[in-house]
Amino acid sequence: MKYILKAPLGAAVALVLVTPAMAQESSGSSEEGNWTGLYAGGSIGLGRADDKKSERLIFDTDGDGDFDDAVTSGGSDIFTGYCSGRSRTGDAADGCIKDRTGTDWAGHVGYDMQFGNIVAGVVAEGGIADITDSATGFTSEPGDYTLTRRLKENAALRARLGYSMGNTLFYLTGGGAYGKINNRFSSSNVANAFADSGDSDAWGWTAGAGVEQKVADNFSVGLLYKYTSLDPDDYSVAVSQGTAPATGPFTNPATTSGQTLISRSNDDFNYHTAKITASYRF
């Protein structure tokens, strides 16, 4: 996780360390340890997809719906290697550029109940994100073929269970999650024609932990880490002949369409986020 947040997380940690002193200065008017009630607010942070070094592209060349085929030329597989991220130059020897860290903004509304030192509640959140997850295959031509998922929107309904130490709350959280995925394809191959199946919805789960600090009667700030696993709808790229020779490796005369379908070996979109939170408590 060291690559997810450096300066932003450091600033957030400093903020949370400073706020207990701020809370003590205003303790004459604060409701010490009272976490029961409705709250609303927002969060901002950074996220990064899992680096799946073993991921590869998979192919359906015979039109049977199973991605268990190889794209061959002269009896040999034309794909010579794979990597996580986007191709640097189109040559497998130069490897890939890793997916960048992206932003994650959200609004939330929730309700907590306190029982002694135990705090339990539920929170709904939704917002926009810019987190990418790419996989690239290289061929002997040479050439590169990159499939990219980009998380654009996300939402979750989470339970929270925490322990209150006065105006400081430590908690665990988890629940169901949703994401809107933008799928993109790119290739250095300009001879064949490509068509993809567009954006997709994704459902899954999220879990994490956080700390929240009251800095006034009705205002709290905190830090939140979450791991989210989404299962997007199937996405594939159809490769047809285009201007390439009819004997090209992607053209299969045995099928009605003559197409090869490309997809990814990993069905999941998994990512980490670290965020600063702020809430107004009614």
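Which residue in S16 does Asp60 stand opposite? This note on the predicted model takes that point up under the sheet.

1. Confidence. The protein chain has an average pLDDT of 86, and 86% of the residues score at least 70. Residues 1-30 are another matter: pLDDT stays under 50 there. For that stretch the model has 33 contacts beyond four places in sequence.

2. The sheet. Four strands form an open sheet in the order S2-S16-S15-S12, and the pairing is antiparallel. Strand S2 (57-60) and strand S12 (193-196) are at the edges; each has a single partner strand, so one side of each lacks a neighbour in the sheet. From one strand to the next, the twist averages 25°.

3. The pairing of S2 and S16. S2 runs antiparallel to strand S16 (residues 260-264), and four bridges join them. To return to the opening question, Asp60 stands opposite Leu261 in S16.

4. The disulfide. One disulfide turns up in a search of the whole structure. Cys83 and Cys96 are the residues joined, with an S to S distance of 1.7 Å. Cys83 belongs to strand S5 (residues 79-84) and Cys96 to strand S7 (residues 96-97), so the pair ties together parts that are 13 residues apart in sequence. As background, a disulfide is a covalent bond between the sulfur atoms of two cysteines.

5. Are Cys83 and Cys96 buried or exposed? Cys83 has a relative accessibility of 14% and therefore counts as buried, the cut-off being under 20%. Cys96 is also buried, at a relative accessible area of 12%.

Technical notes
Residues are numbered from 1 along each chain as its sequence is written. This is a predicted model: local features need pLDDT of at least 70, side-chain atom pairs count only at pLDDT 80 or more; totals for chains, interfaces and linings use all residues. Side-chain values use heavy atoms; hydrogens and water are left out. A disulfide is a pair of cysteine sulfur atoms within 2.5 Å. Helices (H or I, at least four residues) and strands (E, at least two) are DSSP runs, numbered from the N terminus. Buried means under 20% relative accessible area, exposed over 50%, partly exposed in between (1.4 Å probe, protein chains only). pLDDT is the predictor's confidence in each residue, from 0 to 100. Contact means heavy atoms within 4.5 Å. Two strands pair if DSSP finds at least two bridges between them. Axes are lines fitted to C-alpha atoms, for helices over the stretch in contact, and angles run from 0 to 180 degrees between N-to-C directions.
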